[in-house]
Amino acid sequence: VLTGDYLLATSLVHAELTNSHQIIRLVSSLGQDLADGELLQLSNVSNHSFSETVYFDVIRKKTAALFAACTAAALSVQVGEEEVAFARLLGEYIGICFQIKDDIFDYFDSKEIGKPTGNDMLEGKLTLPVLYALNRANDNQATEIALKVKEGTATLDEIARLIAFTKENGGIEYAVRTMNAYKQKAFGLLASLPDSAICVALRSYLDYVVDREK
């Protein structure tokens, strides 16, 4: 937490050095978005519904907001509002792809990935694959375990069963389709630009985000 506070303070110092009120506002607003996303995620614990809308609200406020802020730094080259909005949207799409891919990793056991299977559920988080499976299958036992995950009372065995349930009911495939849909939205934005080395690099980066193995 202290390291995060230090990095945030440092980013604000560097934003001030630009002498741009827009960039200072961008970095400051990012801090608000991140806090809003965390609060939304915490408040959703007591909600007994399994909402994809809330899931996307959270990742837009958290991961996608970081990517959007980085791309909206197009402000530093003094482009117009339309170009900044374009860059921000591209960053948001990349961030959503990144987070969905990261969430998919949580359903598989691999030392290469770098985090243990079911780690999100251990932290009380229900991500896109399991949300889809729960809403599609309407299984009472799985629903009971999911609510225990939200409460932080689910056992490792119950989490393993919920992960298996997710895979059996198409949760992983659905998340992959959704991720690829956002990738295509990002490609669509890039296709509207003149071809350049930067566009090629961004397409390659998007491929990496969705194809990475850790």
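A: From the N terminus on, the elements run α-α-α-α-α-α-α-α-α-α-α. That gives 11 helices and zero strands, where helices (H or I, at least four residues) and strands (E, at least two) are DSSP runs, numbered from the N terminus. The model is predicted: local features need pLDDT of at least 70, side-chain atom pairs count only at pLDDT 80 or more, and totals for chains, interfaces and linings use all residues. Residues are numbered from 1 along each chain as its sequence is written, and side-chain values use heavy atoms, with hydrogens and water left out.

Buried residues make up 40% of the 214 in the chain. Buried means under 20% relative accessible area (1.4 Å probe, protein chains only).

Now the core. A nonpolar core is a set of buried Ala, Val, Leu, Ile, Met, Phe, Trp, Tyr and Cys residues joined through side-chain atoms within 4.5 Å. The largest one has 45 residues. Its members F56, I100, M121, L126, L134, V149 and L162 touch the most other members. Several helices each supply at least two residues, among them α3 (52–61), α5 (81–105), α7 (128–137) and α10 (171–191). α10 gives the most, with nine residues.

Look at F56. Leaving out residues up to four places away in sequence, F56 touches I96, I100, L128, T178 and Y182; contact means heavy atoms within 4.5 Å.

A second, separate core has 10 residues, including L26, L30, A72 and L75. In soluble globular proteins, nonpolar side chains tend to be buried together.

Conventions
Buried means under 20% relative accessible area, exposed over 50%, partly exposed in between (1.4 Å probe, protein chains only).
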